[in-house]
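Subject: Structure for your files

Hello,

Here is the structure I said I would pass on. Please open it alongside this message.

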Amino acid sequence: MNIVAFETSCDETSVAVLRDGRLAANIISSQDFHTLYGGVVPELSSRAHIQRITPLLKAALEKAEISLNEIDIVAATAGPGLIGALMIGFTFAKGLALSLNKPFVPVNHVEGHIFSGFLMPDQPEFPFLCLVVSGGHTMFVLVESFVKMRLLGSTIDDAAGEAFDKVAKLLDLGYPGGPKIQQYSNRGNQEAIKFPIADVKGRYDVSYSGLKTAVLRFVQKAQSANSLTEELKCDIAAGFQATAVKTLTRKLEKAIKEFKPASLSLAGGVAANKKLRDSITSLGLQYHIPVRIPSFEYCGDNGAMIAFRAYSLVSSGEKFTLEYEAFPSFFSSYIAD
Ligand code: KG4
Ligand code: ZN
């Protein structure tokens, strides 16, 4: 069974081919030009998806060594994401499914991230506790099966990735901010500046607005004292990163104690962060729980995770029609509170 999947929810255009549950191609084209604007410009993102999607489909089919006629299922990210960007991949995929007379599977982007650990040789064991941390989402999810998940908590304001991006902007490090903060942190002292960790009373909810404001105040003070040197920026980045990671691992530890999951997983763009990966690996060692973290190429947005999510749904007996529409905000029929 060959599944061809499209991901166009934000600034990566990606097409993947999954053959009998194994990845045969995962072509990703990142729209690096958004760095010029300090963030993703939705209109430009949609235009780039339009230009890139057909060549990417060709490249993916070539890599997987299949022809259009050998496609059995077409899948695409339905949401959440930038609606104009989503519509490109979603409508393209629907058209392809219609012309080939094959089933179409709409995929929730966040669910795609949650199951990205299954693209690795050591797959997560159910029930697993997954921390989804991306530019748009921060969620603690208890994953009981491919079709049953519990949302334990999420952010009450900024997503983790958004906080990294905003702090990078304050420090004038460029976009996307996460990798820049990591680079600067490597050269800084995380003990030099202590930022506060917000203690959100909701059981597994987190907040980043207080931390962001604390960094803003510190940066403004340093700017007015003319002392915002590269060295100080490194210390600020390291202090922020340590606090941002602690914010997440504290709640994760609490959830491990309460739910005793069979494994731990991490997903989404911020899962590329080394400090976060190391902290979760330590938690796993401490509580004797296997940690299943996707490799870097499956942390950021990619078609492979969309293809695998479609595969897991179809294998679970789920059925879809061409009536499904793309959606910009979070919605999932498989994740309950
Ligand atoms: O999952 P993703 O590629 O797109 C969304 O669905 O949002 O996540 C992008 C986010 C951005 O906020 C980016 O700054 C962050 O992931 N990110 C990182 C790192 N690499 C990417 N954050 C922290 N450390 C990193 N190394
Ligand atoms: Zn994502």
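Below is what was found around the ligand.

Please keep in mind that this is a predicted model.

What surrounds it: the shell around ligand 1 is made of 20 residues, and the closest are Gly135, Asp165, Gly178, Gly269 and Asn273. By class, 13 of the shell residues are polar, five are nonpolar and two are charged. Three helices each supply at least two residues of this shell: H3 (109–114), H4 (160–170) and H5 (177–186). H5 gives the largest share, with four residues.

Polar contacts: two of these involve the backbone and an oxygen atom of ligand 1. A polar backbone atom of Gly135 is 2.8 Å from an oxygen atom of the ligand, and a backbone N or O atom of Gly136 is 3.4 Å from an oxygen atom of ligand 1. On the side-chain side, an N or O atom of Gln182 lies 3.0 Å from a nitrogen atom of ligand 1. As for cover, ligand 1 has 550 Å² of accessible area on its own, and the protein covers 86% of that.

Regards

Conventions. Residues numbered from 1 in each chain as written. Chains lettered and ligands numbered in written order. Predicted model: local features only at pLDDT ≥ 70, side-chain atom pairs only at ≥ 80, totals over all residues. Heavy atoms only, no water. Near = heavy atom within 4 Å. Polar contact = N/O pair within 3.5 Å; in protein donor to acceptor, adjacent residues only side chain to side chain. Areas by Shrake-Rupley, 256 points an atom, 1.4 Å probe, with all protein chains shown as cover. Nonpolar A, V, L, I, M, F, W, Y, C, P; charged D, E, K, R; others polar.
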